[in-house]
Amino acid sequence: MLVAADKFKGSLTAVEVAERVTAGLRRVVPDLVVEALPVADGGDGTVAAAVAAGFERREVRVTGPLGDPVTAAFALRDGTAVVEMAEASGLQRLPEGVFAPLTASTYGSGELLRAALDAGARSIVFGVGGSATTDGGAGMLSALGARLLTAGGEPVTPGGAGLAELASADLSGLDPRLASAGIVLASDVDNPLTGPKGAPAVYGPQKGASPEDVETLDAALAHFAKVLEETSGARAAEYAASPGAGAAGGIGFGALLLGAGFRPGIEVMLEVLGFAPALERADLVITGEGSLDEQTLHGKAPAGVATAARAAGKEVIAVCGRLALPPEALGRAGIRWAYALTDLEPDVATCIAEAGPILERTAERIARDFLS
């Protein structure tokens, strides 16, 4: 039995999901062999999943999205670092109820990448998602040595809105170690930088952006890309239109400028976490996340786990807090059946508050249905 589930956001970490599922299964089948491999798709929880898989957790003080110092972590093993931008620049770093769509900066994400290089990383999996920012990665680039200046020769102010004042961009001072480090941009988002499907329009409102803020940010990011095209060549325009450029408030664009290659986050993380050998040892796979819905089918962790398991001829069961997919959609994704916490407790607030015990009871149902 392999438990390879993502977090239940707001309730349980991926590690806790695995623990609760294992406890429930063993309550019915005490001697059951269960292997836990918490997974993530590049968003928040990615470093925790890597640490659970045997990576070493490293902590460093960096700049948070509002400019205050925060303690952020990355994971390291055998020269490979797993860096999660949300650790430095995520919504989780904002005070509750506070948003800063125009001014939040990714500077700390650049500091986190530099710390990974300082620790000896030769390859970096850069997981992006859950950002508080919409600055196109400008802060990150600045932290790594880029010079982004106004017409007066001053650094542009932090955040996406400040990029409207950008007059010149010089990337020649970027940390030279970046050229030899293999960087993978791991994300479940394939949006371009700007436009109707760009970072400000699609994700800005989640970060507190008003319709006027969205217009401001979209224009500023378009200007950012234009200035970079003028100073760095046509590749900047190509990157801005590339899938993944709009990930995490456009930090994907900045990562592409650093030479990163874009890949689906769950695909990358399954490789890094050692999913294939764990899958070989399993006869049944349990995956899941807080909400199984239409978004799940577009690059989220359970869909990635199910795709890989189906290719290996392994059966997949899913657990979730809320189920919003019909059986035929689950079947197409490679999931035989899904068990929702709301099957046992219809009240969503109670499910969130008592997710652990309810998940254990759900795992008991799975054991009775599939293992007894």
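## The second largest pocket

Let's start with a pocket in this predicted model. Helix 5 (138-143) and strand 7 (147-149) each put at least two residues into the lining of the second largest pocket. That lining runs to 22 residues, and the ones nearest the pocket's centre are Tyr107, Gly139, Ser142, Val156 and Pro158.

How much space lies in this second largest pocket? About 270 Å³. Sort its lining by class and you get eleven nonpolar residues, nine polar ones and two charged ones.

## The largest pocket

Now for the largest pocket, which holds about 1,000 Å³ of space. It's lined by 37 residues, with Asp188, Val189, Tyr203, Gln295 and Lys300 closest to its centre.

Three elements each give at least two residues to this lining: helix 9 (247-257), strand 10 (261-264) and strand 11 (284-292). As for class, 16 of the lining residues are polar, twelve are charged and nine are nonpolar.

## The nonpolar cores

Away from the pockets, what about the cores? The largest nonpolar core takes in 54 residues, and Val83, Ile124, Phe126, Phe224, Phe253 and Leu258 have the most contacts inside it. Helix 9 turns up again here: with seven residues, it gives the most to this core.

Take a look at Leu258 in particular. Setting aside neighbours within four places in sequence, Leu258 is in contact with Leu113, Met140, Leu141, Leu144, Leu174, Leu178 and Ile183.

There's also a second, separate core, made of 39 residues. Ala186, Phe275, Ala278 and Val305 are among them.

Notes:
Residues are numbered from 1 along each chain as its sequence is written. This is a predicted model: local features need pLDDT of at least 70, side-chain atom pairs count only at pLDDT 80 or more; totals for chains, interfaces and linings use all residues. Side-chain values use heavy atoms; hydrogens and water are left out. On a 1 Å grid over the protein atoms alone, a cavity is a set of points where a 1.4 Å probe fits but cannot get out, and a pocket is an open set with protein on both sides within 12 Å along at least five of seven lines; lining residues have an atom within 4 Å of a point. Grid points are joined across faces, edges and corners, and a volume is the space filled by probe spheres set on the points. Helices (H or I, at least four residues) and strands (E, at least two) are DSSP runs, numbered from the N terminus. Ala, Val, Leu, Ile, Met, Phe, Trp, Tyr, Cys and Pro count as nonpolar, Asp, Glu, Lys and Arg as charged, and the others, Gly among them, as polar. A nonpolar core is a set of buried Ala, Val, Leu, Ile, Met, Phe, Trp, Tyr and Cys residues joined through side-chain atoms within 4.5 Å. Buried means under 20% relative accessible area, exposed over 50%, partly exposed in between (1.4 Å probe, protein chains only). Contact means heavy atoms within 4.5 Å.
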